[in-house]
Amino acid sequence: MPIPEDVTGDEIDKDVRQELQSLPKTLAEDVARNLVMVARLIDEDPEGAYGYSRVALRLASRVAAVREAAGFAAYASQKYSEALAEFRAARRMTGNAELWPLMADCERGLGRPEKTLDMAGAPEVHKLDKAGQVEMRLVAAGARRDLGQLEAAIVTLQSPELASGSVQPWTARLRYAYADALLAVGRESEAREWFAKAVEADRDGSTDASDRLAELDGVEFTDALDENDENGEDGEDGESSENGQNGEDGESSENGQNGEDGEDGESSENGEDGESSENGQNEVKGESGDAATSDADTSDKD
């Protein structure tokens, strides 16, 4: 796959660069450039990122960072079986538990929420940092909702992290998930409160909490362009007359009288050939969206 000339491979994280040092220099550079493209495209073009990840995987399948990148690209493309396989491979290579919530979410994507809940209660959860534990809780709550256990999903999300007033990278998503779970059981006033709290914490626009809040408040957004279109329907070309009377070509006259004799619909009081007289001059107006103990939920795949 083509890679822009400005991508050198030096853009990758230093830890990944160290992993690639086990490869011959030229090969390491090729792999690095493909990994840069994965990172560059994964949000806007998941399929494109997936393509570059497969190239990197073909070149260096024994590098944990490459397996992890391939997992993320497959996950973003909703290829959950492939993503799960790559995450498992990366975990075997590193022994790191940080991919556990993503693996559990892949089980959800594969239609196995019971497996997700089993993973939410596994010892690996206790090895996660705070962010990983919150992510696991989100995933588990999603699994509860998949199973129709709506009240259990709410309980799963209730945690010290949810109650905390401090804003962390996961705060907006946790509050949003809790608001959405409350709304699912008809607790609208509480849901509104938590959507508002999610808006306060959502500094980078990672959720559509503001839109959900506006929807609950009955706010409707109108497209200004549509309003302009409605106001410009008088003339064939959208032109308006000062007194509301239109010429054949939608042109306007100062007194709203349209000439039928002029080639361009110009008006005249006494003038010949459609030209305007002293009293009949024409004026054209212009055209006018803590990791769970055994009960923790997630992602926004609901």
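Which residues in α2 meet V66, A69 and A73 in α4? The legends below take up this question among others.

**Figure 1. The whole chain, a predicted model made of helices.** Residues are numbered from 1 along each chain as its sequence is written, and side-chain values use heavy atoms, with hydrogens and water left out. Because this is a predicted model, local features need pLDDT of at least 70 and side-chain atom pairs count only at pLDDT 80 or more, while totals for chains, interfaces and linings use all residues. The secondary structure comes to 14 helices and zero strands, where helices (H or I, at least four residues) and strands (E, at least two) are DSSP runs numbered from the N terminus. The average pLDDT of the chain (the predictor's confidence in each residue, from 0 to 100) is 81, and 73% of the residues score at least 70. Over residues 234–302, however, pLDDT stays under 50. Of the 302 residues in the chain, 44% are buried, a word that stands for under 20% relative accessible area, whereas exposed stands for over 50% and partly exposed for values in between (1.4 Å probe, protein chains only).

**Figure 2. The largest nonpolar core of the chain.** A nonpolar core is a set of buried Ala, Val, Leu, Ile, Met, Phe, Trp, Tyr and Cys residues joined through side-chain atoms within 4.5 Å. The largest one has 50 residues, and those with the most contacts inside it are L20, V31, L35, V66, F87, W100 and M136. Among the elements that give two or more residues to this core are α2 (25–41), α4 (64–76) and α8 (130–146), and the largest share, eight residues, comes from α2. A second, separate core of 21 residues includes V134, Y178, A196 and A209.

**Figure 3. The packing of α2 and α4.** The answer to the opening question is that V31, L35 and V38 in α2 meet V66, A69 and A73 in α4. The axes of the two helices (lines fitted to C-alpha atoms, over the stretch in contact, with angles from 0 to 180 degrees between N-to-C directions) come within 11 Å and cross at roughly 30 degrees. That makes α2 roughly parallel to α4, since angles under 35 degrees count as roughly parallel, over 145 as roughly antiparallel, 65 to 115 as roughly perpendicular and the rest as oblique.

Figure 4. Contact means heavy atoms within 4.5 Å. L102 lies in helix α6 and is buried, with a relative accessible area of 18%. L102 and E135 are 33 residues apart in sequence, and their C-alpha atoms are 8.5 Å apart in space.

**Figure 5. Q78 in the loop between α4 and α5.** Phi of Q78 is near 60 degrees, a positive value in a residue other than glycine. Most residues other than glycine have a negative phi. Q78 counts as exposed, because its relative accessibility is 57%.

**Figure 6. Helix α13 and G218 just after it.** In α13 (residues 209–216), the buried residues are A209, R212, L213 and A214, and they pack against α11 (171–184) and α12 (188–201). Just after α13, G218 takes a positive phi of about 75 degrees.
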